[in-house]
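User: Hi! Could you walk me through this protein with a few questions and answers?

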Amino acid sequence: MNMAVAGMIAGMALGFAGYFGGFAAFLLVAALGAIGFGRFADGDLDPGDFFRPRDRERRDDRRG
């Protein structure tokens, strides 16, 4: 996922939070997004972890 797609998703999340939850929800989503981006920038999070199926690890364990 490139940065343009990540920015679009973050912008949509902030837009929905601002529209449906008001300014306080917008600030909450922005703060949590900044914390998450900080962890991603530090290398603690891998974007692929969000898109891998959970049962893939279980299947690999059964085979070996």
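Analyst: Happy to! Helices (H or I, at least four residues) and strands (E, at least two) are DSSP runs, numbered from the N terminus. This is a predicted model, in which local features need pLDDT of at least 70, side-chain atom pairs count only at pLDDT 80 or more, and totals for chains, interfaces and linings use all residues. Residues are numbered from 1 along each chain as its sequence is written, and side-chain values use heavy atoms, with hydrogens and water left out.

User: Thanks! What pattern does the protein follow along the sequence?

Analyst: The secondary structure comes to three helices and zero strands. Read along the sequence, the pattern is α-α-α.

User: Which element has the highest mean pLDDT?

Analyst: pLDDT is the predictor's confidence in each residue, from 0 to 100. The protein has a mean of 76, and 64% of its residues reach 70 or more. Among its elements, helix α3 (residues 55-63) has the lowest mean, 57, and the highest, 85, belongs to α1.

User: What percentage of the residues in the protein is buried?

Analyst: Buried means under 20% relative accessible area, exposed over 50%, and partly exposed in between (1.4 Å probe, protein chains only). Of the 64 residues in the protein, the buried share is 2%.

User: How much accessible area does the nonpolar patch on the surface have?

Analyst: Areas come from the Shrake-Rupley method with a 1.4 Å probe, and for residues only the protein chains shown count as cover. The protein exposes about 5600 Å², with carbon and sulfur atoms supplying 62% of it. Val 5, Met 8, Ile 9, Met 12, Phe 16, Tyr 19 and Phe 20 form the patch, and together they have about 800 Å².

User: How are the rings of Tyr 19 and Phe 20 arranged?

Analyst: Rings of Phe, Tyr and Trp (its six-membered ring) pair if their centres lie within 6.5 Å; planes under 30 degrees apart count as stacked, over 60 as edge-to-face and the rest as tilted. The structure holds three aromatic pairs. In the pair of Tyr 19 and Phe 20, the centres are 4.9 Å apart and the planes at 85°, an arrangement that is edge-to-face.

User: Why does the pair of Phe 23 and Phe 26 count as stacked?

Analyst: Both residues lie in helix α2 (residues 23-42), three residues apart, about one turn of the helix. Phe 23 is exposed at 59% relative accessibility, while Phe 26 is partly exposed at 29%. The ring centres are 6.1 Å apart and the planes are at 20°, so the pair is stacked.

User: What is the distance between the C-alpha atoms of Leu 14 and Gly 33?

Analyst: Leu 14 is found in helix α1 and is partly exposed, at 23% relative accessibility. Leu 14 and Gly 33 are 19 residues apart along the chain, and their C-alpha atoms are separated by 9.2 Å.

Technical notes:
Patch = residues over 30% accessible without salt bridge, like charges linked within 9 Å, V, L, I, M, F, W, Y side chains within 5 Å. Salt bridge = Lys/Arg side-chain N within 4 Å of Asp/Glu carboxyl O.
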